[in-house]
Structures are given as C-alpha cells and as structure tokens.
Amino acid sequence: MSLRIVVTVKYVPDATGDRHFADDLTVDRDDVDGLLSELDEYAVEQALQIAENADDAEVTVLTVGPEDAKDALRKALSMGADKAIHVEDDDLHGTDAIGTSLVLAKAIEKAGYDLVISGMASTDGTMGVVPALVAERLGVPQVTLLSEVSVEDGVVKGRRDGDTASEQLEASLPAVVSVTDQSGEARYPSFKGIMAAKKKPVESWDLSDLDIEAEEVGLDGAFTKVEAATERPARTAGTIVKDEGEGGKQLAEFLASQKFI
Ligand SMILES: Cc1cc2nc3c(=O)[nH]c(=O)nc-3n(C[C@H](O)[C@H](O)[C@H](O)COP(=O)(O)OP(=O)(O)OC[C@H]3O[C@@H](n4cnc5c(N)ncnc54)[C@H](O)[C@@H]3O)c2cc1C
C-alpha cells in the first residue's frame, strides 16, 4: 500500500521586506511579499527522499494561509511533491498556534496520512509548537527535531542532536515528525519541476469542509492575545573606528562600553 506523506508548509512574510502590524495587531500580510518558509523546505526535502526510497509513496503538501499561500504550495510542488491542499477561509484571520493546529489536524485526517513531516519552526512565528500540537490532536506519536530521518517497515526512525548527546528515536506509523535545518540541503526546483508543478492538483478547502466552526479559530477563538506591539526603531549609523595606530585599543574600548567584553 502506498505510503501517504503529508508535509505541512507555511507561507511566511519575506523577512527581508518591511513588515508592519495591522490595526488589530496581527501581521499585515497584504503589505508584504511572502514565500515558503525556508525551514519547511527541509521538511519537503526529507519527504521526497523518503518517497524516493519507498516502493510506492505519495507526497501531499498542506498549507493554512491566505490566497497568496498558493505560492508556497507551488514551490513545494516544483521541488517534486505530488499534490497540494490549501486551507483558506476569511474566518482564519487572527488564528493562533492552537487554532492552526486544529485546522491542520482536521485537514490531515481528511487527506489521509501515514506520516506527517513538519519544519522545526516557522521563520515568522518561530514557536516550534505546531507539530507537537498536531500529533496530540491526531492521537499519534511525535518524534520532533530530527537531523536524520528514514522509514522502514512501518516505522519512522531518526536522530535528534542535543547539546550533550544524540538520541536515536523511532515511532510506529502513523506518526508526526519535524526535521531541523541539519537534515540535509533542500533541492532547487528544476525547470522541468517548475513546468510539471503547473499541472499538479491543488485542492482548496474552507472551514466548512473540515467541520470547524468559525468561533473555534480566528481572533475570537485564540487562546493568546497580542496586547501591544512596537515597531523596531530604524537603524542608526554605526560607529566607525578609523585605525591610526590606536584602532585595536579603540575597538576594545567600544566593545567594553557595550558590555560585550
Ligand atoms: C491568515 C492567518 C492569520 C493569522 N493571524 C495570526 C495572529 O493574528 N496571531 C497568531 O498568533 N497567529 C496567527 N496566525 C497563525 C500563525 O501564522 C501561525 O501559523 C501559528 O501561530 C503557528 O505558529 P508558528 O508559525 O510559530 O508555528 P511553529 O510551531 O513555529 O511551526 C512549526 C511547523 O508547523 C507547520 N506550520 C505552522 N503553521 C503552519 C501553517 N499555517 N500552515 C502549514 N503548516 C504550518 C510548519 O511545518 C512549521 O515548520 C495566522 C495564520 C493565518 C493563516
């Protein structure tokens, strides 16, 4: 039977762009270009490698995000994923991590899965909690933060590197794993891959397709609330130390004044 892999991929605001908050203190997503979270490219890569080593496998990429989040799905499809699911609904505005995990878990259940692969964290929210929340909601084992991952005989195995030790972990499928940026460079989409992606299926689901009530998500359903947000002050010109024989000393004095040394 085919190994069904679902990869959760997030469409995030481009970190190099100017990002602002909307009046309700959510990120103004219309104001900035977005892209597939770089950390989720590692998840797509590992899914593709597992699929390549399996007799029969299918890789589905799943995102919960606004209309433009289709760009993230297209990128993952052009890397080699087989199909995509886009969950989009106006009532998702303001959904927090707990709400996002509900939507993802319902969509994963509807899609059907043996293995869910996520990134270690998104590059915007960076909470790193969604994979564990999704596993809890699905009621399956979670093996998170893997630097190496493989699947054999219905078991997912991997290595988690800590500061003082590396652990070898495994879980029987179905399971949720997340992979780190040490798991292996993500491939670049080839021209052929980009052309092929245009013809791959992208399904669109809204909250009613997933039997989720509007009150369970969005700002009203959120367990967390942003009380205040202050934009980062503009960068000021740095201090330039001109070396006229005393450069090293001045540099040390500057570092000491900033309490770096
Ligand atoms: C339109 C919209 C508006 C939102 N507004 C808010 C808001 O106002 N306040 C708020 O707290 N949150 C909001 N969110 C949700 C937020 O962007 C995050 O998805 C959520 O809070 C998860 O936190 P994180 O990004 O830190 O996830 P992490 O736990 O860091 O993510 C880990 C992994 O989980 C997966 N993942 C996370 N999010 C998604 C996703 N959306 N789709 C697919 N995979 C995902 C990825 O594999 C990722 O690598 C909104 C989301 C959407 C779509």
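## Terms and model

A residue is called buried if 20 or more other C-beta atoms lie within 10 Å of its own, exposed if 12 or fewer do, and partly exposed in between, with C-beta atoms placed from the backbone. Helices (H or I, at least four residues) and strands (E, at least two) are DSSP runs, numbered from the N terminus.

The model is predicted: local features need pLDDT of at least 70, side-chain atom pairs count only at pLDDT 80 or more, and totals for chains, interfaces and linings use all residues. Residues are numbered from 1 along each chain as its sequence is written.

## Overall chain

The protein chain has seven helices and twelve strands. Its C-alpha atoms fill a box of roughly 75 × 45 × 40 Å along the principal axes. Of its 261 residues, 37% count as buried.

A UniProt annotation from an unreviewed entry, "domain: Electron transfer flavoprotein alpha/beta-subunit N-terminal", covers residues 24-214; such annotations may be inferred rather than shown by experiment, and their positions are given here in the numbering of this chain. Over residues 24-214 the chain is 30% helix and 28% strand.

A nonpolar core is a set of buried Ala, Val, Leu, Ile, Met, Phe, Trp, Tyr and Cys residues joined through C-beta atoms within 7 Å. The largest one has 64 residues, and Val7, Val44 and Ala76 have the most contacts inside it. Its largest share, eight residues, comes from α1. Two residues are in contact if their C-beta atoms, placed from the backbone, lie within 7 Å. Beyond its neighbours within four places in sequence, Ala76 has contacts that include Val7, Leu36, Val44 and Val61.

## Ligand shell

The ligand has 33 residues around it, and Gly119, Ser122, Gly125, Met127 and Val130 come nearest (near means a C-beta atom, placed from the backbone, within 6 Å). Elements giving two or more residues to this shell include α1 (38-53), β4 (57-64) and β6 (115-119).

The shell divides into 13 nonpolar, 16 polar and four charged residues. Here Ala, Val, Leu, Ile, Met, Phe, Trp, Tyr, Cys and Pro count as nonpolar, Asp, Glu, Lys and Arg as charged, and the others, Gly among them, as polar.
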